[in-house]
Each structure stands twice: as structure tokens, then as C-alpha cells.
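Here is a briefing on one structure.

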Amino acid sequence: MTETRPTQPTEAADTAQPVLAVSDLTVSFPSEAGEVQAVRGVSYAVRPGEVLGIVGESGSGKSVSSMAVLGLLPESAEVTGSVKLAGRELLGLGDAAMSKIRGKDIGMVFQDPLSALTPVYTVGNQIIEALQVHQSLDKAAARKRAVELLDVVGIPDPKRRVDAFPHEFSGGMRQRAMIAMAIANDPKVIIADEPTTALDVTIQAQVLEVLKTAQEVTGAAIVMITHDLGVIAGFADRVQVMYAGRPVEAGPVDEVYYRPRMPYTIGLLGSIPRLDEARAEGTARRALTPIDGNPPKMVDPAPGCPFAPRCPIAVDQCHTDEPELTVAEGAEPPQALDSVRAGETPLTACHRAHEIGAGLDRDAVYPVPVLPEAGAIERLPRAERATVLELDGLVKHFPLTKGAIVKRTVGTVRAVDGISFDIREGETLGLVGESGCGKTTTLLEILDLPSGQAGTVTVFGKDIRGLNRADRKGLRRDMQIVFQDPMAALDARMPIGDILAEPLKTHGWDKARIAARIPELLDMVGLEPEHADRYPQEFSGGQRQRISIARALALEPKLVILDEPVSALDVSIQAGILNLLDELKTRLGLSYLFVAHDLSVVRHIADRIAVMYLGRIVELGAADDVFAAPSHPYTQALLSAVPLPDPRKERERSRILLSGDLPSPADVPSGCRFAGRCPKYSELGDSDQARCREEDPAAAVLGPDHTAACHFAAAVDVVESAVAH
Amino acid sequence: MSVQLPPATEPAPGPIPPGEADGRTAKARTSRLRLTVRRFARNRLALFGLFLLVLLFLGAYGGPFLTKWDYQQHDFLNFLSSPSGDHWWGTTQGGVDLFALTMRGLQKSLIIGLLVGVLSTFLSATVGAFAAYFGGWTDRVLMWIVDLLLVMPSFLIVAVLSPSFRGSTWLVFVVLLGAFSWMITGRVVRSMTFTLKDREFVKAAKYMGVPAPVIIFRHILPSMASMLIIDTVIQVGAAVIGESSLSYFGFGVQAPDVSLGTVIADNTTNASTYPWLFFFPAGCLVLIGLSISFVGDGLRDALDPNAAGAKARSHRKKSGKKQQPKRAPSATAAAVPAQTPDAQETAS
């Protein structure tokens, strides 16, 4: 902790004088259960032009520490330590004094761009306000500057857009506007708190690019707070890993990613599914290494290292003494004291860091769970397996109506506009796409077993159109769903046992059988049978998702539809759920329809992939083919936008940046839907461009199990392109 | 793992060793009803309310046997006498023993109030939830009925209808009161159902194949239980008062039968000079409302798993006691970094 304290200016370090220096920051809140120690001693320093990444899971205190720096915590919070902005102490300043600093010397970018902008003022007015509060500019000058700023952050047609209201902006554009406000007064530091978490990957790539531009324009230091190790890898110079309110590892990005010395960091890096996952031909997929247990409660923390209860290599000392953040033994020896000050030396808070650096193999710290061998069904060639679910030209349009009394149709939202795919036994189909592309509508269309609109849905060989009530109920038994949010998907008023009994009761199981089945189900998903009496809120997010899975499996279905099952979970928990899903699939011979926006997760779990764009499937095929040779320009852009948790690869990759946002499904362009944003389109000749504009591309067959709906489909390797050679 | 996490709140996940799981026999689960009862019993105020309610019922039905007076009997030696050993709560202008009269009135008021409260809440919950869950024409037709009933002058209708059921059972009166008091809650329930029906746990049940009425009664209505329980409590109070005001005008409970309403109404003229004539029956009315709201609060907490009041008390006590001594070491730990940098360097 002491090592990163860069307070006294020394003769040598003047050029690299930190602009923001935080030392020994602690924050605690009073609560019903006792004092919550949210932050327990955070120290860092950033120099101009430098990017510091702070990573941690939810509840690790990363956001609270940044709020403390900004002085935005509620009055009840107790903050100690020191926060120095260019040598000036910020802690203890009143709100009025802080207001002069916030927005001027420190710019802020928050997670939710919708709530960070006031909906009743135009974007321009809000930027002008930000300018006029801190600078004496007249109206015309401020407006001119606002237009300039919007231009810097890449808002098209800024002269007109400056008068738009926040709701007229898409999520990505709002975040750009936020960045414009953050850099309006040439801040010395920009604090970005999960700036891209609420955005889709292609938009995330755009926004990160804008943040980089913003930094170049202002020369500010950036403190980037996120849970996404991939975002940090390509963006930050130095990184600090937080756990239970304390930094547990800090250092340059390469050092932390390639030579982590704290078991938590090692676990975190091992638990993320990766887009560049090497999967040799024919071998089973790699199991992720989850970190057991849950983060500790921040009330009355037990003595010792907070990670000790989850740590696979904890020794007795770990349970009694909390390790300090010190220079890791075995790391490169610090050349000079200045280097320590500047944070170039990796720091670790672990009693066994020196062993991990030297004798202990990093890959051996966490035992890799063994996935069961592929079952009989999974070994069969795809063509010989039975079809579980088949969609053929499914269409779902919603009418757009206007008028209070007499409703007239003024347009159509083409949420799902003719999609076809099939799922065979023992197979996982990953359905990916950005928000608004129609994934969820597709799911609901399958699950609602409707009988309207065009296209057919065939489940287990039965067309759902011709089904009567009893048949439908029977189908429901074989087709179950796991929802995204495990908090909302379980009825909070029912004990776990009743929740699991519900599907069984509905389908006519008798009491004795239900009573025997419930412990079996809990056991299957790794929970204790005693948990049946507890209510859902006594469980953590990951455990609740396990309960959801247990409920879905209660009736021994053949097809499980997973709607973003891990996107609400922290990475260390997510790995455990993904492993469980993998294991259950093999053991029970399930088929999955896995809907997700996270391509890395899909890459890990899916056998086949369908990429959706604006109500259509643009690319469909075996996962390995699609990831190795993405052929639709949209798939290529999507894949290239996913950040890899690997700093070296990240730096060498070139991104295909898409321009603009997803068009509204109410106003679908003619011809190819993607033409307006397509990077390939601009490179084509006139006659080819005309073809894209006018002719709707059909799915072109590219391989035995690989199709892409593009007139000029051609494979481009976007994941490994730079590294492979 | 158990070092850090109290097993009561954060069960340790992770797979169970197979041997251990096999050896364990499937223990019978505690039923939901028993869990609810246990949680209700932990709430002292709710138990007190229940005790009070039972006492009121016992008094209403057992009380008349304790006194030698009957509510129809006139003691011509004691008009408007104050409470005494002979007449515990005094007598009315007609020489009727007030205790006997109040107990008799309490019988009717309790029964009518509770029945109307439960009936109208049930009606509003069912109609509101069905209308919103099914939507479309079901919703439209049911809401027409609600709007129609809302604009009808219920007091006048009851007054007009009362001669036709004069002499028949007072249950008709309960039905009439109930039928005119559910509409506003029904609309509230409907709007709450609109948000609830898109919640994932409702969708999950739907996709499991659970029939719609079961979803409504198992998932949707319990989720708004606290609102419904509070509404019942308010309805009980309103029904007792509504019954009293109707009875006051001679439309409700008919003489020779009495209710708390008629007892209070009959004695209003003398209430200021002979206060016991007002205090005793009005006190009973207050006790009814109080006991029902205590029971209602307790039920709400027992049904709501988030309520702190219903959680196991031993757990709370333990954590409460732990706080004080435990805070000491953590405070010193926090104090160390707060010291001067030099002192800290020597310390580390």
C-alpha cells in the first residue's frame, strides 16, 4: 500500500508527476446489519495521458472508491485517506468546492447514459451548461464549442444534432454525448465507471475508440472502472484488480495478465470464456475453472485474507493475517524507487505470491474440472440425429398503431422476419445478435406455441399449428426455459422446494415422487437437499441460476431454451454455471437453444451458431467454421469488436468498426439490411452496390454446415488474424 | 468456507461429494403453511393482535353468559346509571345493560366486518387479476362492470333494496355491502397484474404449462399479498362503519337485533353527558380495527420472505451482539492507514 503513494514531489519524477493520487482510501457505510466496509485501503496514482484500469466483480468496491474520489457519496458514508488532484487534497472539501472541480478538472462518464442525461433538455444545452458552469463563455461561443465537441466524439451532423433531445439519441450516441460533456473543460482526469457495460459490442468498440480520441485531445489521465477483463486488456496501461474493497494485485497490464501472482487474478483470468479459445479438431471443449464460493460480505469481515475461503492454495497464515499489497517477490526487481512510485512494478497482496511467481505452476492453482465424455448421441454425425426443433421462415410482425379511440396501423415492426434453423439432439445452437435484433421475440414465438403469422415451428417433429390443448401441454414438458435474471425468474414468495415442485405438480406427478425428485434435482445442480426450505433471496445470484436450471430440468425435458443465462452473473460465478450446463447436457442428452449477446460465452458452449441481424439470420453454421472463417461482414464486425482478455493480441488486432447504429425494425432498408452499415459495401463497384441495395441476399452455402446471407460472402479471420502470423 | 459466511444466509455452493449425498435420506420438507405459521408466530405484535381478536370473539359470544342481564331486558331501577358492580358498563337510557348490549352488537359487527372485508377483497383480487391476465375482451367486459358499479350510488341502492330483504337473514346485507366496495381495489389489482404478468417467474410458470387460474392464485395474487391484506384491514374497518351508518338510518341491522353501529347511534344524544355510553362500544370498535391491523401486518410479514420481522430471531440477536466486540479490531485496522505515512512505514 505504501509503495504507490506518490505524494512528495521528487526531482526525478517531475515529468511523471501524477495528476490524481489516491492513498489509503477507505469508505464505510452504516447499515442495518452493521458497518459495511465497502473500500478498505485503495491507493493508486495516474499520470497525464495514462490509463489505469480498475477491475473487480460486483461489490468489490470499485465504483464506491471512484464515487469517493468525486465526493459523490451520501453524507452517511465515512471516507478516510487522501485524494490529491495535482497536489491538492480533495477529501474534506465541501460540496460547493467539489462542484468547481467536478466536470472541470475531473470528467465523469457513467454506466447508464440514459439516466446520466436529463431528458427534458437538449443534448446541446447540457453540454453548454457544462461549459458555462466552469468557463466564462458567452452563449454563441459555448454553442460553437458544443458542436465541436460533438464532432470530436463522432456524432454525425453535429450542427443539427446539438438540438436533439437525449431520447432521440441511441445508447451509443448518448454515451458519446456523455464523453463530450466529460471532456468539455479539458479535464486532467476522466473517471469512466463501466462506460460500455450497457452497450452492445459493436457500439462498445466505437465508444472505446471515442474515449481514446478524447484522451488524445485532452491529454487527460483516465481511470477506467469495469468488470470486463477484455476491455481493460486493450485499453489500459496499468491495471488494478480489486477484491473485497482492496486492491489485491496491481501493475502494468502485461505483467498482470501474463504473470498474475494473486490466486484471485489467476482464477478470474481462467474463468472467462475466450473468443480465441483453442479447440483442436475432435477434442472436447476445455472446461472453465470457476472460483468456488461467493465474495465475502463486507459487514464484519473475518480476519485474514478475504479471498482465503475461496482460495485453492490458502495456507493457515491466510486465515489469520491479511496480506499487504507489496512488491511481489520473484517479480523483476525494481530498478529504482521512481519506478515503484510510478507503479511500474507489479504489486500483489498474497502470502504465497513468491511461490506463484517461481515454483507454483499457475495453471495448476485451480483444479480444472473434468467434463464428462461426450455421450452416444453427441458422437453421432449430425445428420443421423433426430431433429428437436425446426423453424422454417418464422415471421413475427407487430403493427404500429396510432390514435386513441380509432386505432389505425401506421407501420409494421418486423421483429422477426423469416428465420429458419434447426436443432438436432444433443446439440447447442447459439443464437447471437445485438439488442433489438429479434432474439427474444424468436424465443417467445417458440415458447408461446402460437398459431398465427407466417412460417412453421416444428417441435419434436410436430407442427405446433395443429396441436390441441393436451398436446401443447405435453410439448411444454419437453421444452423448458431458463431466464436471464435469476432474481426475477423465481417467485420470491415460494421456498425452493415449492418452486421445484411446481412443474412436477402441473404435470401430474404424485406427492411421493415429487418429494423424491426434489433432493435429486438440487443435488444435480450442486446444491444441498436441505436448501429446499429456504427462500430464493437467501441464495446468491449463481445459486439462484442453478435453481432455475434445476426447475427447467425437473420434467426431464429434451430441449432447454437458455435466454442469456449467465449475462447477469459475475465472471467467476458464470464459469461454474457454464460448466454445469455443459455437464448436464452430456449427462442428460439435452439440446440447448442458447441465446446470448456475449460471443465469447457462445464460442465456449455452442456447437452451432446463428447470427441474427434485424430480424434475419445472416450467418449460420458450425461454431468452429463460423468463428474460424466468418463470412458475413456483420459477423466479422461483431467478432472483431469483442475484446480479448489478452493485452498483446488486443493491441495487435485491427477492429472493423461499424458506422452508425442498428436501424429500427420498423423501418427496414430494402435489399440487404446491412448494406447501410456494411464495411464491404463501400469497397464495391457501382453495379455491385446496386445489387446490395436492391436484392435481398439469400443464404449462400459456403461449406457443409455454413451459410451466410451475403452476395459477396468471403471468409476473413478476425479473431487471431494478427497473432497467427 | 464456513469461516466467512454464516451458513444460515449464504449456503456454500459447490458439488456435494457423491458418497455424502447418497448416504443422506430425503428428509420431508417443511410445508409452506407451516413455514408461514412459524414466521407469523415470531412476530409478537401479530400474536398480540391475534390474542386480542380471539378475546373479542370470546367476549362477544361468551360475554353474555357472564352477566345476568340480557340485551333485550330493561332494568327499570337503573336508567343511565354509571358503571357499577351490578351493571359493569352502566346502563342506557332505557335501562338496558350496556355490557350485554355491546357484546351482542360486537357479535354482529365482527362477523359482518370480517365477512365483508374478505368478500370484497376476494372479489377485487379475482376480477382485477383475471381482467389483466387475460386482457382483450375479458378485460373490457369486466372493466365495464367495474365502471358501472362505481357510478351507481351504492348507499341509495342498499337503502332502496333493504325493505325487500327485511326479515330475511343479515347475510344478504353482507353480500350487498361487499358487492359495492370492491371496485377501486379491483382496478388497483388490475394495474398491478399488468406489471406482474410480464415478470419472468410468471412467464416461467406459463411456459411450464401451469393453467392460467393457477398462475393467478399461486403467483400473481400472493405477490401483491401485502396490498391485499392491508386492503382487507381497511375494508373491515370501512364495513363496520358502513354497517353502522346504514344501521343508523335504519337500513342495516334491524331492531331488535343490534350492532355496534346501532348501539353507538342510539346513544349519541347522551354521549357527552354520560360518556361511558360512547366509550365502551367505540372502544370495542377501535379494538377490532387495531387487532385486525396487527394480524394483517403479521400476515404480510409472514408471507413476504424479505420482511425482517419474520426472520429467525436468534439469528438477529446473534449478529446484533457480535457487532460491538467485532467492530473493535476492524476499527483498529482501519485506523492504521489513517495514521501518518511515516508511522505506517515503520509499522509495515
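How are α4(A) and α7(A) oriented to each other, roughly parallel or roughly antiparallel? They are roughly parallel, where angles under 35 degrees count as roughly parallel, over 145 as roughly antiparallel, 65 to 115 as roughly perpendicular and the rest as oblique. This is a predicted model, in which local features need pLDDT of at least 70, side-chain atom pairs count only at pLDDT 80 or more, and totals for chains, interfaces and linings use all residues. Residues are numbered from 1 along each chain as its sequence is written, with chains lettered from A and ligands numbered from 1 in the order in which they are written.

**Chain A overall**
- Chain A has 29 helices and 24 strands (DSSP runs numbered from the N terminus: helices are H or I, at least four residues; strands are E, at least two).
- Its radius of gyration is 27 Å, close to the 27 Å from the globule rule for 725 residues, so chain A is as compact as a globular protein of that length (taken over C-alpha atoms; the rule is 2.2 Å times the number of residues to the power 0.38).
- The C-alpha trace of chain A spans about 80 × 65 × 60 Å along its principal axes.

**Helix pair in chain A**
- α4 (123–134) and α7 (171–182) of chain A pack at about 20°, axes 9 Å apart (axes are lines fitted to C-alpha atoms, for helices over the stretch in contact; angles run from 0 to 180 degrees between N-to-C directions).
- α4(A) passes α7(A) in a right-handed crossing (the near helix is turned clockwise from the far one by less than a right angle; anticlockwise is left-handed).
- Val123(A), Gln126(A), Ile127(A) and Ala130(A) of α4(A) meet Ala177(A), Ala180(A) and Met181(A) of α7(A) (contact: C-beta atoms, placed from the backbone, within 7 Å).
- That contact has six nonpolar residues, one polar and no charged (nonpolar: Ala, Val, Leu, Ile, Met, Phe, Trp, Tyr, Cys and Pro; charged: Asp, Glu, Lys and Arg; polar: the others, Gly among them).

**Helix pair in chain B**
- α5 (136–151) and α8 (183–196) of chain B pack at about 150°, with axes 9 Å apart.
- α5(B) and α8(B) are therefore roughly antiparallel.
- α5(B) passes α8(B) in a left-handed crossing.
- Val146(B), Leu149(B) and Leu150(B) of α5(B) touch Met183(B), Gly186(B) and Arg187(B) of α8(B).

**Domains of chain A**
- Domain 1 covers 2–105 + 185–272 + 290–363, and domain 2 covers 378–724 (bounds come from an automatic or database domain assignment).
- The contact takes 27 residues from domain 1 of chain A and 26 residues from domain 2 of chain A.

Terms used: Contact = placed C-beta atoms within 7 Å.
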